[in-house]
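Take a look at the protein below. This short report walks through its helices, its surface and its charged side chains.

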Amino acid sequence: MKTHGMTRRTYKAIKRMDHGQMNEFCERMYSKGYEEGKKDAEGLTVDEMRSVILGIKGIGEKRAADIAAALSHAMEDKGGGEKD
């Protein structure tokens, strides 16, 4: 996770902002943080899950495909699914 500090220049700019400018600034900061957090929270793709599952002794190609499909379906139901 990145840490972000405020520069003196940004601080001075914020002090001069009116209500509308401050609102826009806050919305941009929120959106930027949200996108960075979303990117940091990304999980494994279906293909990556399948390759990890295949590394388990006793699980073959068919069983790994079934497990990966079930996980993919569960992710789609939750709303954060990836489509392959």
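K15 lies in helix α1, which covers residues 8–15. A helix here is a DSSP run of H or I with at least four residues, a strand is a DSSP run of E with at least two, and both are numbered from the N terminus. K15 is exposed, at 59% relative accessible area. Exposed means over 50% relative accessible area, buried means under 20%, and partly exposed lies in between (1.4 Å probe, protein chains only).

This is a predicted model: local features need pLDDT of at least 70, side-chain atom pairs count only at pLDDT 80 or more, and totals for chains, interfaces and linings use all residues. Residues are numbered from 1 along each chain as its sequence is written, and side-chain values use heavy atoms, with hydrogens and water left out.

## The overall fold

The protein chain has four helices and zero strands. Read from the N terminus, its elements run α-α-α-α.

The chain has 84 residues, and 10% of them count as buried. Accessible areas come from the Shrake-Rupley method with a 1.4 Å probe; for residues, only the protein chains shown count as cover.

Now take contacts (heavy atoms within 4.5 Å). Among those between residues at least 6 apart in sequence, 24% join residues at least 24 apart.

## A positive patch

Which residues form a positive surface patch? They are R8, K12, K15 and R16. Patch residues have over 30% relative accessible area and no salt bridge; like charges are joined within 9 Å, nonpolar side chains (Val, Leu, Ile, Met, Phe, Trp, Tyr) within 5 Å. Lys and Arg count as positive, Asp and Glu as negative, while His and the chain ends are not counted. Each charge is placed at NZ of Lys, CZ of Arg, CG of Asp or CD of Glu.

## Two salt bridges

The whole structure holds two salt bridges. Each needs a side-chain nitrogen of Lys or Arg within 4 Å of a carboxyl oxygen of Asp or Glu.

One joins D47 and R50, at 2.7 Å from N to O. The two sit three residues apart in helix α3 (residues 46–54), so about one helical turn separates them. D47 is partly exposed at 44%, and R50 is partly exposed at 23%.

K62 and D66 form a salt bridge at 3.4 Å, N to O. They are four residues apart in helix α4 (residues 61–78), so about one helical turn lies between them. K62 is exposed at 60%, whereas D66 is partly exposed at 36%.
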